[in-house]
Amino acid sequence: NVSGEFIDKNAGTNKPILISGVSVPTANYSLSNLVVFSSIDPKPLLVHPNAQTKAYGGPDPVFTYTFEGLLEGDVLFGSLSREAGENMGTYEITIGTLSAGQNYSITLTPENLGIQAATLAESDIEITEPPSLVFSATPKHFSAFASGVSAFIYTYIGTGQTPYGPTSEPPTNAGEYSFLASSSDPNYFGSKGLEFMILRRL
């Protein structure tokens, strides 16, 4: 019986196969070390990343996964990575350095890392009041600041017996009002408000 065997089990092209069991029906010839060449294809390996989330500004989570097709005794090593970017949004999880060696061809099922807006506590937001809250025929501008936040939306509303707004325009006339500063930066979520009174000029 003629049989052949690769010299090793690893995937590759143009690999030698040692043939045995071949005979020649004549005394004039002898055969030894008959070799032919062929290929061993890598075994398909399917990796399923788990969807992940994190808050803006936080560290990446460990990218975990499940897999199908790894033979007993073989191992996966390395780690998954992701598409570059740190702003709020969705980023594709990528193969990174994950590998099972040359004998496997890894296919990654699509999955993403979601970066969510970081939450601002009220203590993170500093509100600056106008120099004076006495009527002066000029608008009373308030402003807000928080580290890393690019911009805020301001809303003014009259309270009590003062009809006003809601509007982004600061009030001028004497009365009672509330002020709300809300982050308009997509990477941050949060707001802070206060109530104030514009006093009549004596």
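Pro166 is found in the loop between S14 and S15, where strands are DSSP runs of E of at least two residues and helices DSSP runs of H or I of at least four, both numbered from the N terminus. The peptide bond from Gly165 to Pro166 is cis, with omega near 10°. The model is a predicted one, in which local features need pLDDT of at least 70 and side-chain atom pairs count only at pLDDT 80 or more, while totals for chains, interfaces and linings use all residues. Residues are numbered from 1 along each chain as its sequence is written, and side-chain values use heavy atoms, with hydrogens and water left out.

The loop between S14 and S15 also holds Thr162. With a relative accessible area of 14%, Thr162 is buried; in this classification, buried means under 20% relative accessible area, exposed over 50% and partly exposed in between, for a 1.4 Å probe and protein chains only. A polar atom of the Thr162 side chain lies 2.9 Å from the backbone nitrogen of Glu176. When neighbours within four places in sequence are left aside, Thr162 is in contact with Gly175, Glu176 and Tyr177, contact meaning heavy atoms within 4.5 Å.

At the level of the whole chain, the model contains 0 helices and 17 strands. The radius of gyration is 35 Å, well over the 17 Å that the globule rule gives for 202 residues, so the chain is more spread out than a compact globule. This radius is taken over C-alpha atoms, and the globule rule is 2.2 Å times the number of residues to the power 0.38. Along its principal axes, the C-alpha trace spans about 130 × 25 × 20 Å. Of the 202 residues, 25% count as buried. Among contacts with a separation of 6 or more, 48% are accounted for by residues 24 or more positions apart.

Strand S8 (residues 89-94) and strand S10 (residues 112-116) run antiparallel and are joined by 4 bridges. Tyr91 has Leu113 in S10 as its bridge partner.

Not counting residues up to four places away in sequence, Gly114 touches Gln52, Thr53, Lys54 and Gly89. The C-alpha atoms of Gly114 and Gly165 are separated by 37 Å, and the two residues are 51 residues apart along the chain.

A search of the whole structure finds 9 aromatic pairs. Rings of Phe, Tyr and Trp (its six-membered ring) pair if their centres lie within 6.5 Å, and planes under 30 degrees apart count as stacked, over 60 as edge-to-face and the rest as tilted. The ring centres of Tyr56 and Tyr188 are 5.2 Å apart and their planes are at 75°, so this pair is edge-to-face. Tyr56 lies in the loop between S5 and strand S6 (65-68) and Tyr188 in strand S16 (residues 188-189), so the pair ties together parts that are 132 residues apart in sequence. Tyr56 is partly exposed, with a relative accessible area of 23%, whereas Tyr188 counts as buried at 17% relative accessibility.

A tilted aromatic pair is formed by Tyr156 and Phe179, at 5.2 Å centre to centre and with 50° between the planes. This pair links distant parts of the chain, with Tyr156 in strand S14 (residues 152-158) and Phe179 in strand S15 (residues 175-183), 23 residues apart. Both Tyr156 and Phe179 are buried. One aromatic cluster is formed by Phe142, Tyr154, Tyr156, Tyr164, Tyr177, Phe179 and Phe196.

A further backbone feature concerns Ala137, which has a positive phi of about 70° although it is not a glycine. Ala137 is placed in the loop between strand S12 (126-128) and strand S13 (143-145), and at 54% relative accessibility it counts as exposed.

Key:
Two strands pair if DSSP finds at least two bridges between them. A polar contact is a pair of N or O atoms within 3.5 Å; within protein, one must be able to donate a hydrogen and the other to accept it, and residues adjacent in sequence count only if both atoms are side-chain atoms.
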